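The structure under discussion is shown below.

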Amino acid sequence: MEKILIIDDNNDICLLLERFLTKQGYKTASVQRGDDGLVLLRKESFELVICDFKLPDIDGLEMLRRIKVMHPTTAVIIITGYSDVRVAVQTVKHGAYDYVTKPLYPDEILYTIKGALERRSQSLSHPKSVVPVATQPSKPSSTRSASAKTPLAPDGKRFIFGKSRAAEQLQKHIDLIAPTDMSVIITGETGTGKEFVANAIHLKSKRADKPFVAIDCGALGKELAGSELFGHVKGSFTGAMSDKEGSFEFANGGTIFLDEIGNLSYDNQIKLLRVLQERKIRRIGSNQDIPVDVRIIVATNEDLRDAVRQGKFREDIYHRIAEFEMHLSPLRERKADIMIFAEHFLESANIQLEKEILGFEEEAKEKLKEYYWHGNLRELQNVVKRSVLLTQGDYIEADVLPQEIVSPQYLTAEDTGTSGIQISYDPARPGVPVFSQSAANLKSVSENAERAAILKVLEKTGYNKTKAAEVLNIDRKTLYNKLKAYDIHL
């Protein structure tokens with residue numbers, strides 16, 4: 001019997017979930033504080049943890065980190081009262097299987113749980129094999145554009161690219177670079193499918209029958225990153241209870257994908273350079289070299305050249321991994337692809353929620369194509385999934401879409417929490433925030449108002465730092481300095 005731990009400060013939710021899941025054949029336990037959950041996890045293992053994002057003592061991301069350190073194979077689902085694309089991206093990047101917003105619907109939570117446990121079972125059968133969100137299984141459908149999809153991958157997943165010029169160029173680049181062993185840098189905003197592209201390169205390469213290992217460098221602390229990437233020997237640090245293989249060893253013969261590589265500490269950059277130069281790794285606490293044959297693909301939504309100029313990223317590493325660079329355009333610049341991806345996510349949601357929604361009404365299609373899509377594919381997937389859940393008829397109508405998509409509204413200074421700042425939306429580009437020049441000039445406001453202005457602009461631009469810098473009328477470096485000065489962590 002699979003065991004599920006529920007961590008939520010709302011006792012009613014704990015009781016309801018325990019009763020519901022017990023009836024479904026699961027063994028359950030529940031606590032209302034993060035620390036209590038960690039104490040329980042130290043005593044026994046659980047196949048799945050359902051954790052509230054807002055706990056009274058520990059936030060959801062910290063809980064994710066601790067759970068994954070203690071039990072790397074335990075699946076985690078985050079539940080939250082806030083339908084925030086940033087939360088979705090953060091939780092998934094930090095190791096969660098998925099996130100579900102309150103109120104909880106029995107069918108949705110049950111199928112999410114089943115999916116998480118199935119993914120866990122597959123990962124145990126194929127260690128470190130990672131399949132990105134953009135490749136969820138879908139039902140065959142004669143109404144879908146076959147030309148936009150590639151054949152099924154060996155693991156039964158289906159990739160889709162789109163039909164825009166950017167999508168066609170992307171496919172050409174993948175076909176060109178995949179057969180080689182060249183290192184690749186993939187750039188683009190959060191949610192544009194960088195891991196999906198890395199996996200597609202792997203599956204078209206000569207290494208396709210070997211492991212594909214994906215690591216989010218942004219989710220790893222300094223010591224944890226070293227252990228995760230290079231492994232450790234028993235007793236090398238507190239908590240190292242046994243020898244552990246690192247990701248490079250798992251990926252031997254295959255491909256390793258390092259997401260947000262710019263977040264690696266300087267020490268771990270040096271270790272990575274040694275791998276690139278000598279094709280050898282050394283576990284933490286060991287003096288023995290282990291040869292590895294691994295293709296390296298990296299991704300970032302930051303400018304690594306700028307990081308090199310600032311001394312935050314080693315230039316010698318940059319030149320070794322920059323043998324080929326691919327840039328993924330944001331979804332708002334690929335309008336021809338929006339409905340292709342929306343229909344793909346519709347098929348996936350139909351399977352997960354056991355529904356048979358046939359498609360989208362014309363008004364809903366227009367709203368989806370007009371929206372700015374700050375969170376790109378991840379945001380689109382979440383919107384479609386919730387729309388499928390709410391739809392009672394055969395087609396998704398505009399009224400089940402989120403309000404910010406259906407009718408972008410005008411915001412005033414009262415909404416922003418700053419003085420003299422007004423945010424409106426361009427009627428020609430619904431969903432795109434427009435700020436007055438005087439409001440965006442940071443020199444005209446006090447430090448408190450400046451911090452509030454930065455936070456609000458980041459929120460309205462989907463935490464896209466490049467766009468936020470443009471709106472605020474400052475360069476990216478100045479924005480980074482402001483974020484550091486005001487202790488704003490993204």
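Lys365 and Glu362 form a salt bridge in which the closest N and O atoms lie 3.5 Å apart. Because the two residues are three positions apart in helix H14, about one helical turn separates Lys365 from Glu362. The model is a predicted one. Lys365 counts as partly exposed, since its relative accessibility is 21%, whereas Glu362, at 52%, counts as exposed.

Helix H14 spans residues 362–370 and also holds Glu363. Glu363 belongs to a negative surface patch together with Glu361, Glu397 and Asp399.

One of the pairs is Glu44 with Lys3, whose closest N and O atoms are 3.1 Å apart. This pair links distant parts of the chain, 41 residues apart: Glu44 lies in the loop between helix H2 (34–43) and strand E3 (48–52), and Lys3 lies in strand E1 (residues 3–7). With a relative accessibility of 30%, Glu44 counts as partly exposed; Lys3, at 17%, counts as buried.

Glu249 and Arg283 also meet through their side chains in a salt bridge, at 2.9 Å from N to O.

## Strands E4 and E5

Strand E4 (residues 75–80) pairs with E5 in the parallel sense, over four bridges. Within this pairing, Ile79 stands opposite Val100 of E5.

In a regular strand, side chains alternate between the two faces of the sheet. Along strand E5 (residues 98–101), Asp98 and Val100 point one way, while Tyr99 and Thr101 point the other way. All four of these residues are buried.

Which value of phi does Arg279 have, although it is not a glycine? The angle is positive, at about 55 degrees. Arg279 is placed in the loop between helix H10 (266–278) and strand E11 (280–281), and it counts as partly exposed because its relative accessibility is 32%.

Trp373, likewise a residue other than glycine, has a positive phi near 55 degrees. Its place is the loop between H14 and helix H15 (376–390). Trp373 is buried, with a relative accessible area of 0%.

Methods. Residues are numbered from 1 along each chain as its sequence is written. This is a predicted model: local features need pLDDT of at least 70, side-chain atom pairs count only at pLDDT 80 or more; totals for chains, interfaces and linings use all residues. Side-chain values use heavy atoms; hydrogens and water are left out. Buried means under 20% relative accessible area, exposed over 50%, partly exposed in between (1.4 Å probe, protein chains only). Two strands pair if DSSP finds at least two bridges between them. Patches are made of residues with over 30% relative accessible area and no salt bridge: like charges are joined within 9 Å, nonpolar side chains (Val, Leu, Ile, Met, Phe, Trp, Tyr) within 5 Å. Accessible areas come from the Shrake-Rupley method with a 1.4 Å probe; for residues, only the protein chains shown count as cover. A salt bridge is a side-chain nitrogen of Lys or Arg within 4 Å of a carboxyl oxygen of Asp or Glu. Lys and Arg count as positive and Asp and Glu as negative; His and the chain ends are not counted. The place of a charge is taken as NZ of Lys, CZ of Arg, CG of Asp or CD of Glu.
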